[in-house]
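Here are my notes for a first look at this structure. Please read them with the model open beside you.

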Amino acid sequence: MRLTMILASATAVLALTAGGTAIAQTAQAENTPWIEMETTSVSLGLGGQSGEGVLRLPNLGTNCAYAFKVDGFGAGIKVGVSHARATGPIAGMTRVADLSGDYGATEGNVTLLAGAGGISMKNRRNNVTMNLKSETTGLDLGFGAQGMTITMPDQVVNAPRAYIVEFGFNKTWVNQDSRAVLDQITRAWKCRYANIWLFGHTDSVGKEDTNLELAEKRAAAVRDYLLGTGIVPTRVMTLAKGEDPQLARTADNVRLRTNRAVVIVVQ
């Protein structure tokens, strides 16, 4: 019940914050989602080609990668053994599942020739686009295809979207119990399209401005821990609430650990 009330309060705050549900993207190349695909085929005539790929999401965090299957990439081999490889950036993703779908060339047909080339493709069911650089090797290559299909396994999210870590009196460091909760958040949300909000709270002991500063330091300590796990900094925001509102209402100058906390909301 307490966590439900806290989540409702935090959601109201997020609704007033512009861009609260959007992932902050940067123009830096190293923070751009990208994929790499490889297929190998033995063929004596026209046919499809299937292989595997990896979606990498440095825009979310370190070591964020999802494997997928690809069909039709390099279809239409004339004769012989061939190997096709492509890598490139992806745009238009708002969740991992957006990668799945049927892709066609943005202009004309997809055409690959022996050696190096380029392909611009778009998902027919959403706004995901990719600009691929391709490399092909093999015997008598020179093939074209209408497109390809990417299948991404379902990524079911059953993790909570609200968490609480508590602090000792006048303390701002993250203890062992809190680290366990933050590690749980990292495992569940590090490599998913979601922002993480940190709301710092205190009890009612001491001056209001001092408590606001204390709340800010607590939220910052939690943020520093999450960033240390590899989550991209632009995804983690802090907001100091101090003693107003209290998580559990008390009289003034009452020590209560419940109120010395950071509420974490994933949105």
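1. Start with Q184, which sits in helix α2. Keep in mind that this is a predicted model. Q184 has a relative accessible area of 35%. That value lies between the 20% and 50% cut-offs, so Q184 counts as partly exposed.

2. Which residues does Q184 touch, leaving aside its neighbours within four places in sequence? They are P160 and Y163. P160 is 24 residues away from Q184 along the chain. The C-alpha atoms of the two are 9.9 Å apart.

3. Now turn to the helix as a whole. Helix α2 covers residues 176-189, and helix α3 covers residues 208-228. Their axes come within 10 Å and cross at roughly 50°. The two helices are therefore oblique to each other. The crossing is right-handed.

4. Which residues make this contact? On the α2 side they are R179, L182, D183, I185 and T186. On the α3 side they are V222, Y225 and L226. Sorted by class, the contact has 5 nonpolar residues, 1 polar residue and 2 charged residues.

5. Next, the strands. Strand β10 spans residues 147-151 and pairs with strand β3, residues 65-71. The sense is antiparallel, with 3 bridges. Within this pairing, V70 has I150 of β10 as its bridge partner.

6. Strand β5, residues 101-105, is also joined to β10. Here there are 4 bridges, and the strands again run antiparallel. G101 has its bridge partner in β10 too: I150. Check I150 from both sides, as a partner of V70 and of G101.

How values were computed. Residues numbered from 1 in each chain as written. Predicted model: local features only at pLDDT ≥ 70, side-chain atom pairs only at ≥ 80, totals over all residues. Heavy atoms only, no water. Axes fitted to C-alpha atoms, helices over the stretch in contact; angles between N-to-C directions. Parallel < 35°, antiparallel > 145°, perpendicular 65-115°, else oblique. Left-handed = near helix turned anticlockwise from the far one by under 90°. Contact = heavy atoms within 4.5 Å. Nonpolar A, V, L, I, M, F, W, Y, C, P; charged D, E, K, R; others polar. Buried < 20%, exposed > 50% of the residue type's maximum accessible area, 1.4 Å probe, protein only. Pairing = 2+ DSSP bridges.
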